[in-house]
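Welcome! Here is a short briefing to read alongside the sequence and the 3D view.

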Amino acid sequence: MRGLRSRYLLPALPLVFLAMVLVAPVLRLLAEGLAPGAALDAEPLRWLDVWQDDFLRWRVLWSFAQAAITCALALVLGLPVAWVLARLAFPGRTLVLRLLMLPFVVPTLVAALGVLALWGPRGLLGGPLAAAGLDLSETPWLLLYGNLFFNLCVVVRAGVDALEQVSAPRVAAARTLGATPWRAFWRVEWPVITPWLASALCLVFLYCFAGFGLALILGGPDYATVEVEIYTLVAHELELGQASVLAVWMLALTGAVALAYAVLEKRLAAPGRVVPIARQRPQGAAQWCALLGAVVVLFVVCAAPLLAIVWRALQALLLGQGAAVLTDADTLDALWNTVRFSTLALLLATVLGLVHALGVRALDAAAQARHAGPGPGALALVWRAAAFLPFVVSSVTVAFGLLLLYPDASASLALLLAAYVLLAYPFVAKSLTAALDGLPASLAQAAASLGARPWRVFWRVTLPLVAPALRRGMAFAAATALGEFAVTLFLARPEWTTLTTLIYQHLGRPGQANLDAALVLAGLLMLLALGAFALIEGRPRENDRHA
């Protein structure tokens, strides 16, 4: 009985952390949104005023529209690319699948600058277009392209995983009965992959609808989203009541999409064993053209912005006025702040994610002991889902809620680090939970039968087996902390400037020297993020799965 009770104590640490850093700030924000201006002496704004005000209604509708358009574009471009990667065997396929992780690693601000370096008024492609009279900065294209850069790989990866669940005998039977390849795809393959694609598109919609960094840099005054408007109301106009109402609407809308995502994920329960369709080398002109088209799409959408930022950063460093920024005192301070904040956040996120994953395993074991049967209990399922809460609530909402709930601690290092950890630790928890689920219980039981204590079993048996998953989760957590932007704008002191906020400061100042400095700093931040990711994750293994 004592061992059973101790299993329920394991999730206590992450539970308290989530309650203090996520749940309580969100409740405080809801309270302010339901009665705006009551405690902050701001101008009251009723709930329906958001839809009656032309400006605010446009912000909300555009936030929906840009997310929906991105989903449509990602599906149209991503599904053919996924089909090529799932069905064709070609040299470099494994490398392409690995490179699909890059958009998750690159900080948002670096990606925004990459888009500007490629399509902006002074960009490699946008410059000639601007000279011809087409300034893309006055269109929604920059934001939509930036959204595609981050989210196309989500759809591609989901499509590859889904197509590997298609039964080869069923497709062969359809072809034997006279179905054309196109008809076999729609009648056999499409019903299988639809839930996977719908789930991925829900994530894409959430990422775009609640995105902040890209919309702030690329949206401009005409195409900014609700998240940017909330930041503007808080930071520049001090209209906390109006910002609260908008934030509550965002919570309600993102919550509805997250609920749809959860329903779809439930339908993706572990499928039965299937014989996947074997990959084959491209045959005929059509398949070779499909392969070439897939490579071109991935290059144009995912690789071109990174190459553009590298090229422009080198130009600014070697030929422009960007070299001086590397030795500037502000840059060295920002670099030190970025490294120390990210390192501390990574260590704390690793501990929290590890405890969270072990808590899930302990609750599963308690449910099995209580019911004498396999399968997770209801409490374990709820705790599994709790790791996804920081993904549902946007970073702007988190920062704003913390600002409202803890005004006296808003400029404290502890609160800033807590926000960093909140956004980073789900990657560790999610990766470790999946790895622990795949471990056979007989290994730990065998070690325990030989007299090993639980801690020794964990250290000598469990940890070495889940180490690749732990490193993968830590790598994504490190990249998230290094590129964090929104909470730093809300909660950091001026002396706590990081590389992301320093880049933003240079972008807000006129002159070519400041643009060159921003490009060089963006290149430095990208190298730092990629280096941290590669160092932590280590050498890729053939059996490693994408996080």
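**A first look**

At 9% relative accessibility, Phe533 counts as buried (buried means under 20% relative accessible area, exposed over 50%, and partly exposed in between, with a 1.4 Å probe and protein chains only). This is a predicted model, in which local features need pLDDT of at least 70 and side-chain atom pairs count only at pLDDT 80 or more, while totals for chains, interfaces and linings use all residues. Residues are numbered from 1 along each chain as its sequence is written, and side-chain values use heavy atoms, leaving out hydrogens and water.

**The chain overall**

- The chain has 25 helices and 0 strands (DSSP runs numbered from the N terminus: H or I of at least four residues for helices, E of at least two for strands).
- Of its 547 residues, 50% count as buried.
- Among contacts between residues at least 6 apart in sequence, 81% join residues at least 24 apart (a contact means heavy atoms within 4.5 Å).

**Aromatic rings**

- The structure holds 24 aromatic pairs (rings of Phe, Tyr and Trp, the last by its six-membered ring, pair if their centres lie within 6.5 Å; planes under 30 degrees apart count as stacked, over 60 as edge-to-face and the rest as tilted).
- One of them joins Phe476 and Phe533 edge-to-face, with 5.1 Å from centre to centre and 80° between the planes.
- Phe476 lies in helix H22 (residues 454-482) and Phe533 in helix H25 (residues 512-537), so this pair ties together parts that are 57 residues apart in sequence.
- Phe476 is buried, with a relative accessible area of 4%.
- Elsewhere, ring pairs link Phe212, Tyr231, Phe485, Phe490 and Tyr504 into a cluster.

**Helices packing on H15**

- Helix H7 (residues 108-119) packs with helix H15 (residues 284-318) at an angle of about 80°, their axes being 8 Å apart (axes are lines fitted to C-alpha atoms over the stretch in contact, and angles run from 0 to 180 degrees between N-to-C directions).
- That makes H7 roughly perpendicular to H15 (65 to 115 degrees; under 35 counts as roughly parallel, over 145 as roughly antiparallel and the rest as oblique).
- H7 contributes Leu113, Gly114, Val115, Ala117 and Leu118 to the contact, and H15 contributes Ala304, Pro305, Ala308, Ile309 and Arg312.
- These contact residues of H7 and H15 divide into 8 nonpolar, 1 polar and 1 charged (Ala, Val, Leu, Ile, Met, Phe, Trp, Tyr, Cys and Pro count as nonpolar, Asp, Glu, Lys and Arg as charged, and the others, Gly among them, as polar).
- Helix H9 (residues 141-163) also meets H15: their axes come within 9 Å and cross at roughly 105°.
- H9 is therefore roughly perpendicular to H15.
- The contact of H9 with H15 has 12 nonpolar, no polar and no charged residues.

- Pro107 lies in the loop between helix H6 (102-105) and H7, and counts as buried at 3% relative accessibility.
- Not counting residues up to four places away in sequence, Pro107 touches Phe150, Gly483, Leu525 and Ala529.
- Pro107 and Gly213 are 106 residues apart in sequence, with 9.2 Å between their C-alpha atoms.
- Val382 is found in helix H17 (residues 378-386) and is exposed, with a relative accessible area of 56%.
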